[in-house]
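Here are my notes on the model, as numbered points. Have the structure open while you read.

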Amino acid sequence: MKRWPVCRCADPILASRVGADMAMVTAFETIPALLAARVRATPAAVAFMEKDADGRWRSTCWGAFGAAVSDLARRLRSIGLGPGDSVAILMPNSVMWETVQHAVYRLGGVVIGLDLNDSPVRVAEIFGRCAPTALFVDRTERLRQLSSTSLKGLRVIIAGQIDQGAPVPAGGGFFVLNNLPAANDAALPATVEGTATATVLFTSGTTGRPKAFSYEHRQVAAAVRAIVHHFGQLPEQAHTACWLPLANPFQRIINFCALAMNWKAFMVPVPATIMTQVPQIAPHVFAAVPRFFEKVMDGIHREITGMPAVRRMPAQWALRIAAAYRTTVSAGRRPAGCLRLLHRMADRLVLRRIREVMGPHLRYGISGSAAMPAALVRAFDALGWPILEAYGISENIVPMAMNVPGAIRPGSVGRPMAENTLRVAPDGEILVKGIGVSSEAGPLTDEGFLKTGDLGILDDEGFLWLTGRKNDLFKLSTGRKVSPAAIEEALGGIDGVEFAVATGQDRRYVVALLNMDPARWCLLNQRQNGLQGALGHLRLMARQACAHLPAYCRPVDIAVVQDPFTTRTGELTTNMKLRRDHVLAKYTDVIEALYRRQSHV
């Protein structure tokens with residue numbers, strides 16, 4: 001496979017530091033060895049920032065963190081935990097989450113992250129696949145998320161605090177974290193092998209029950225190397241936010257990158273508070289799912305729309321100038337002198353103020369876990385916030401492909417990472433093999449390539465473009481095969497639409513469901529003089545949004561559903577991916593009504 005050029009660090013001082021950090025990452029194949037090297041190299045540097053009970057940020061340096069990890073590892077060893085034991089963690093994001101994780105790694109154990117929104121049924125399914133020896137919770141109230149069967153299978157339960165009225169397991173296997181027995185002379189393994197299992201990850205469940213995939217330390221280290229190689233331009237002690245659940249491998253890998261590059265991670269235990277925290281965090285790099293970036297851009301446009309005309313018109317002018325400037329630059333052309341001057345004015349007067357919402361330092365956003373509309377990537381790029389969209393799958397701990405500084409194509413997911421060998425099969429399915437692919441992954445081709453189930457195209461410059469999921473394809477009664485991804489992306493760009501779901505299996509034509517916020521839907525009804533006017537407006541918007549698609553892919557009719565799509569109600573996975581089968585089953589009556597309506601038109 002052809003290897004594409006990468007962006008190198010031009011600054012000699014930065015290059016020296018980046019070289020030292022990369023040497024550190026390259027030299028070690030396990031997370032404990034990487035942590036030990038970081039503690040030796042920069043013991044006084046800040047590792048984490050976390051708010052105390054009074055709401056003030058408190059720092060933890062690498063030296064103190066390393067000592068806490070070693071102490072906890074020895075205490076865990078003294079109560080019988082050791083190499084090969086699986087330890088589940090059910091906590092909000094915190095320095096304690098990280099301490100427990102690294103202590104388990106230091107023991108030679110296996111980490112299993114549980115999401116705070118996981119139901120007892122999902123936890124039971126996860127426990128049934130990996131049979132953890134121990135469970136860490138921040139408070140005993142969390143134990144309500146476990147069935148009696150799940151609790152009985154645990155040998156050790158450790159809680160940060162006991163809640164009044166919450167269940168407290170009987171027996172000698174329950175401990176309060178601060179009262180764990182003293183470490184005494186508990187011996188830790190001299191080393192942890194690169195081939196030792198580090199973690200077990202579970203699919204988000206878009207198509208049914210979660211699947212389990214285990215990864216060795218050497219594979220996790222390979223994922224870290226693949227990413228940090230491209231971020232040498234960020235300063236030492238760069239800020240990043242740890243706000244996506246640490247049960248999610250996306251956030252954990254970002255934190256391992258912070259470990260490798262000596263970044264400072266700010267802990268955000270409640271994801272819903274992230275926008276109030278961001279100005280204080282002032283991130284240099286910010287990782288999120290596309291839904292977050294959509295809400296940020298939506299908020300920017302809502303604020304501009306609500307301004308008095310004297311402020312609104314200059315802001316809209318600045319956005320138009322920014323879009324024209326970035327379009328010219330992205331096309332490889334030098335903007336005309338007049339456009340350059342106007343862009344400098346727009347940036348100084350408007351764009352710079354808009355960017356303050358994310359703090360003064362933001363260099364890059366990283367988007368993962370789901371596809372991000374190309375128009376949204378371009379909109380952020382015009383504001384001066386490059387969004388680096390990445391593509392990963394549960395079966396491969398190394399990102400499959402990623403846009404990186406100096407090599408960005410909006411709408412694509414970037415070039416394949418060097419650690420992957422990637423092909424596109426004749427039917428469009430993406431195939432991969434490499435160090436990061438789990439040994440449990442399948443099915444494989446005769447040549448050992450994993451069939452991902454994703455559809456895509458590799459362009460002449462090596463950029464990968466996703467076109468949908470193989471399992472999401474449906475066939476119209478006319479024989480045409482339709483991939484709903486492009487339809488749903490187009491419809492999702494309509495103002496006020498949160499999610500879109502297209503369908504048409506065994507029908508003559510496609511219809512779609514549009515999920516809208518009730519307040520936005522009510523406002524649209526008022527502006528369009530009632531329900532029929534609002535629906536007529538949306539049908540027009542849908543036709544315009546999908547005009548570029550083949551005629552058989554354009555929805556003939558649409559319906560609006562107002563109930564929020566959430567993880568709790570089952571429409572979204574914990575990674576914020578749409579569970580299409582669940583949505584289509586839930587709204588069968590609405591879809592049938594659309595087809596009945598059209599049969600009478």
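**Notes on the fold**

1. Strand E14 (residues 387-393) is mostly covered, with 6 of its 7 residues buried. Buried here means under 20% relative accessible area, exposed means over 50%, and partly exposed is in between (1.4 Å probe, protein chains only). Strand and helix labels are DSSP runs numbered from the N terminus, with helices (H or I) of at least four residues and strands (E) of at least two.

2. Before going further, the ground rules. This is a predicted model, where local features need pLDDT of at least 70 and side-chain atom pairs count only at pLDDT 80 or more, while totals for chains, interfaces and linings use all residues. Residues are numbered from 1 along each chain as its sequence is written, and side-chain values use heavy atoms, with hydrogens and water left out.

3. Back to E14 and the sheet around it. The order is E12-E13-E14-E15-E16, an open sheet of 5 strands with mixed pairing. Two strands count as paired if DSSP finds at least two bridges between them. At the edges sit strand E12 (285-288) and strand E16 (415-416), each pairing on one side only.

4. Going through that sheet pair by pair: E12 and strand E13 (residues 364-367) run parallel over 4 bridges, and Ala287 stands opposite Ile366 in E13. E13 is also parallel to E14, joined by 3 bridges, and there Ser367 has Glu389 of E14 as its bridge partner. Ala390 faces Met402 of E15, and E14 and E15 make a hairpin with 2 residues between them. If you are checking side-chain directions, remember that in a regular strand they alternate between the two faces of the sheet.

5. The other sheet to look at is open too, with 4 strands in the order E17-E18-E19-E20 and antiparallel pairing. Its edge strands are strand E17 (420-424) and strand E20 (464-469), each pairing on one side only. From one strand to the next the twist averages 45°. E18 and E19 pair over 3 bridges in the antiparallel sense, with Leu431 opposite Lys451 in E19.

6. Now the helices. Two packed helices are described by the angle between their axes and the distance between the axes. The axes are lines fitted to C-alpha atoms, for helices over the stretch in contact, and angles run from 0 to 180 degrees between N-to-C directions. Helix H10 (residues 290-305) and helix H13 (residues 374-383) have axes that come within 11 Å and cross at roughly 60°. That makes H10 oblique to H13; angles under 35 degrees count as roughly parallel, over 145 as roughly antiparallel, 65 to 115 as roughly perpendicular and the rest as oblique.

7. H10 passes H13 in a left-handed crossing, a term for the near helix being turned anticlockwise from the far one by less than a right angle (right-handed if clockwise). Pro290, Phe293, Glu294, Val296, Met297 and Ile300 of H10 make the contact with Leu376, Ala379, Phe380 and Leu383 of H13, contact meaning heavy atoms within 4.5 Å. By class there are 9 nonpolar, no polar and 1 charged residues. Ala, Val, Leu, Ile, Met, Phe, Trp, Tyr, Cys and Pro count as nonpolar, Asp, Glu, Lys and Arg as charged, and the others, Gly among them, as polar.

8. Helix H3 (residues 62-78) and helix H4 (residues 95-107) pack at about 60° with their axes 8 Å apart, so H3 and H4 are oblique to each other. H3 passes H4 in a right-handed crossing. Residues in the contact include Phe65, Leu72 and Arg77 in H3, and Val95, His102 and Leu107 in H4. The contact divides into 11 nonpolar, 2 polar and 3 charged residues.

9. Last, some backbone spots to look at. Most residues other than glycine have a negative phi, and most peptide bonds are trans. The Gly442 to Pro443 bond is cis, with omega near 0°, and Pro443 lies in the loop between strand E18 (429-434) and strand E19 (450-458).

10. Asp506 lies in the loop between strand E23 (497-503) and strand E24 (511-516) and is exposed, with a relative accessible area of 57%. Asn529, also not a glycine, has a positive phi of about 60°. Asn529 is in the loop between helix H15 (518-527) and helix H16 (531-545) and is exposed at 73% relative accessible area.
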